[in-house]
Amino acid sequence: MEEMNKDIILPESEVGDEQQYLTFIMSGEEYGVDILAVQEIRGWEEPTLIPNAPSYIRGVINLRGTIVPIMDLRLRFGLSEADYTATTVVIILKFDSDNGERVMGIVVDAVSDVYTIADEETRRPPELTEDDNSDFIKGLVNVNEKMVILLDVAELLMLRMEMSDANYSVDKD
Amino acid sequence: MSVDLSQFHQVFFEESFEGLDVMESELLDMDPSDVDDETVNNIFRAAHSIKGGAGTFGFMPVSEFTHVVETLLDEIRAGKRSMEPRYVDLFLQSVDCLRGMLSDMQDGNEPETERPAELRTEFETILGMAQEEQPTEDASAGGKDAGWIIDVKPHTDLLMTGNEPFRMFRELQELVGEGNLEVLANTDDIPELTSLNPEDCTIHWRLTVTAATPVEEIKAIFEWVEDECDLTYTPLAGDSANAEAAASSDDAASSGDAALVAPVADAGAAESTAPAASAVQSEASPADKPVKAAKAPKASKKTAESSSIRVSIDKVDSLINMVGELVITQSMLGQLGQDFDLSRLAKLQEGLSQLEQNTRELQESVMKIRMMPISFAFSRFPRLVRDLGGQLGKKVLLETIGEQTELDKTVMEKINDPLVHLVRNSMDHGLETTEDRIAAGKSEEGTITLNAYHQGGNIVIEVADDGAGLNEDRILKKAIEKGLVPENNSLTPEEIHNLIFLPGFSTAEAVSDISGRGVGMDVVRRNIQALNGSIEVKSQRGVGSTFIIRLPLTLAILDGQLVRVCEETYIFPLVSIVESIQIHRSSLNHVTGSQYVMQLRDEYIPIVRLDEIFGLRDASDTVDEMMLVVVEGDNEKIGIVVDDLLGQQQVVIKSLEQNYQKVSGISGATILGDGTVALIIDISSIGKNIVPVKRKQPRSEKAA
């Protein structure tokens, strides 16, 4: 077991750093995003539809004068659709792209906790076949005997851009 | 003394570019045979400021080059020689050259040296000839080798005129280099302390320059005070050591009781001038120190590109006024809010409407700050037309109308290239050759007219020529050749004219340097459309053609018509709406599959159902009464079906692409009064969705 783990440990260069992750719950699973990418957490509000957008893009909202798209992570991950309730939250994430900083909101069931996780504790996800969603999974980590799925924010939100072009491929590592 | 001058570099560059613009436009306006003194003075002043600034900031290549330009200008100004057309050309080339050098330096690069050197030689040849014509002061020969003694005897009111001798001495020191300047103050004429008027300048100076320097350059420094000072220039004989000895002994002789060096003069109470002299003295003393201060930062630092605009003080004042009013309204509302009951509702409403007015006014004046007269864009054309006319051998007169029309700076920057393209096109293809013009019975000189005016919320820019007009037969032939239109078509002349905007269309028989390089009118149109504008062409054979550009005044705000489709609110740019009518479903006719057309008076217009193309409603849902908004985009009328018309309002355009991506049919988003987002319809791309079924393009593919 010990040996096996060593094989899939992340590259040397990333070892030794610690990062804080904000975690949230969706369909009973716990997911984590780099806390530095989190701009704020808001309640759900009805967004304005964007015509001909993928189903998981719920629309855009006005965030103090900025137009921010809202992505339903459940739909993005192919989970069953859930009703939006008073406890549904939107996590506003920011990340750097080629065109400067982008801001985007993701709809999740509930916010859970903040963990400090050392990079070396992170395990790579097993290679999944033909699953689009593995690309933006940064790693898996065990916290209190429970698995937390760490998400790569930039990859998660950029990926959408490619998909909307309908020539999306899964070959990328 | 070590002020970081680099912080002023940006200002210097901006001012210099402005100065160059002034020089250029004055040169172009000038008639060499009849030169107005004021014109030459303006050009001279601009050149002089650039030289001075460049010298101050240590941009020696620029200041040296400007110097020769200035010397020739000075001679013309002084009436020593008259302006000739070749000088004008040379000056114009120098303006270009300087512009290039300055922008090189602005980017943090070393300016090019080849071109200035060439031009400098030309100037020197001209200037050299002059020296033969008029007897050279024998003085200058000596001065070139050894140096100069300059006696500066200011009139007592020198300081009152705002001149500061210290500045001139410092400039002189920069010119000759540290250690090569000695300043001696003669305090003989300083009166007793009791009768001393501190505003009078009673000190005289003797400056000893121990470096070989042309006297013109020294004179240029004292140019501003020529009338307020008695200046004598004496060449220094022999080497510098002798010179210094000579100078000091001379001094001792002339001012009996001892030549006082500057620090002593300080004690002598002429407060403002003496420390100045002492500063020069003390600075000059650590001789032979490498001149480093000015040069080091230039090489290392890349100038941050920050564009700025000049705003007239009126605009700023009105802005301050508005903010003042806003503050008053705010405090009134604040007070009202502290203890509010229903009896004061009327007061609250009044306050709110005042707030609304304040906000609107404030918004308008803030927008005005970005507005600049279009003369900024037009100003480059006289030069362009002049140069191109020479190149093409055509006589062209440029007329500009409405130069004071204001538009947004961003729009102006982006409209520049299309305008240049259009003017080039008009000159190359539009105007006939001089012979053809004479043969056609027209005046020899062709005219290009640039006209700008406001129309509604738009600015209209017309580029007109009185040339041959578009050749419909040739355009049509070319279009058929290129497969852009079918052979047996029935295009109206206007439609033929608009073919020139199609990609890949160029009628130029020979690809010339000036136009016809493949990037054609389609690029122009695309650029203009990117600005939410439109372009059309009107042409008449033998009379000329006119390109009409319509642009929104600003990219930030749009007059919008709010419409409702299902539960969603969308915004149409008001400018593109032709009319809105109520229709019944039965008046729509199917053409192919899902495509509708409708007969509107005597034409058929294609119909787009917003609910369908945006996927808002199930196809099975039928609505009988609907609103049809007829819009015009790309010179093509389209009817867009919506559920209802709501109000009209100005909306602030927000980017959808910043955080999302381009959405077909949508040009942006805005925030409505209730804080929700509404999307703005992009008329031209909505139009594109239905391009394949345009009635006059039989080769069309089926609508997707």
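Analyst: S27(A) is partly exposed, because 13 other C-beta atoms lie within 10 Å. On this scale a residue is buried with 20 or more other C-beta atoms within 10 Å of its own, exposed with 12 or fewer, and partly exposed in between, the C-beta atoms being placed from the backbone. The model is predicted, so to speak of local features pLDDT must be at least 70, and side-chain atom pairs count only at pLDDT 80 or more, while totals for chains, interfaces and linings use all residues. Residues are numbered from 1 along each chain as its sequence is written, and chains are lettered from A and ligands numbered from 1 in the order in which they are written.

S27(A) sits in the loop between β1 (18-26) and β2 (29-34) of chain A. Helices (H or I, at least four residues) and strands (E, at least two) are DSSP runs, numbered from the N terminus. The phi of S27(A) is near 50°, a positive value in a residue other than glycine. Most residues other than glycine have a negative phi. E145(A) also has a positive phi, near 65°, and is not a glycine. E145(A) belongs to the loop between β9 (137-143) and β10 (146-151) of chain A. With 5 C-beta neighbours inside 10 Å, E145(A) is classed as exposed.

Read from the N terminus, its elements follow the order α-β-β-β-β-β-α-β-β-β-β-β-α. Of the 173 residues in chain A, 29% are buried. Among contacts in chain A with a separation of 6 or more, 56% join residues 24 or more positions apart; two residues are in contact if their C-beta atoms, placed from the backbone, lie within 7 Å.

Beyond its neighbours within four places in sequence, L93(A) contacts V33(A), A37(A), V38(A), Q39(A), M104(A), I106(A), V153(A) and L157(A). L93(A) also belongs to the largest nonpolar core, of 66 residues, where V60(A), L93(A) and I640(B) touch the most other members. A nonpolar core is a set of buried Ala, Val, Leu, Ile, Met, Phe, Trp, Tyr and Cys residues joined through C-beta atoms within 7 Å. The element that gives the most to this core is strand β23 (residues 677-681) of chain B, with five residues. Another core, of 40 residues, lies apart from it and includes I415(B), L431(B), A452(B) and V485(B).

The contact between the chains takes 17 residues from chain A and 20 residues from chain B. On the chain A side, β4 (57-63), β5 (66-72), β7 (100-108) and α3 (153-164) each give two or more residues. That side divides into 11 nonpolar residues, five polar and one charged. Here Ala, Val, Leu, Ile, Met, Phe, Trp, Tyr, Cys and Pro count as nonpolar, Asp, Glu, Lys and Arg as charged, and the others, Gly among them, as polar. Y660(B) touches V60(A) and P69(A), leaving out residues up to four places away in sequence. Y660(B) lies in the loop between β21 (644-652) and β22 (666-671) of chain B. Y660(B) counts as buried because 24 other C-beta atoms lie within 10 Å.

Chain B itself has 23 helices and 23 strands. Buried residues are 32% of its 704 residues. In chain B, residues 24 or more positions apart supply 70% of the contacts with a separation of 6 or more.

One helix pair in chain B can be described as well. Helix α16 (residues 381-392) and helix α17 (residues 409-430) of chain B have axes that come within 11 Å and cross at roughly 30°. Axes are lines fitted to C-alpha atoms, for helices over the stretch in contact, and angles run from 0 to 180 degrees between N-to-C directions. The angle makes α16(B) roughly parallel to α17(B); angles under 35 degrees count as roughly parallel, over 145 as roughly antiparallel, 65 to 115 as roughly perpendicular and the rest as oblique. The crossing of α16(B) and α17(B) is right-handed, a crossing being left-handed if the near helix is turned anticlockwise from the far one by less than a right angle, and right-handed if clockwise. In this contact F381(B), L384(B), V385(B), L388(B), G389(B) and L392(B) of α16(B) meet V420(B), V423(B), R424(B), M427(B) and D428(B) of α17(B). Eight residues of the contact between α16(B) and α17(B) are nonpolar, one is polar and two are charged.
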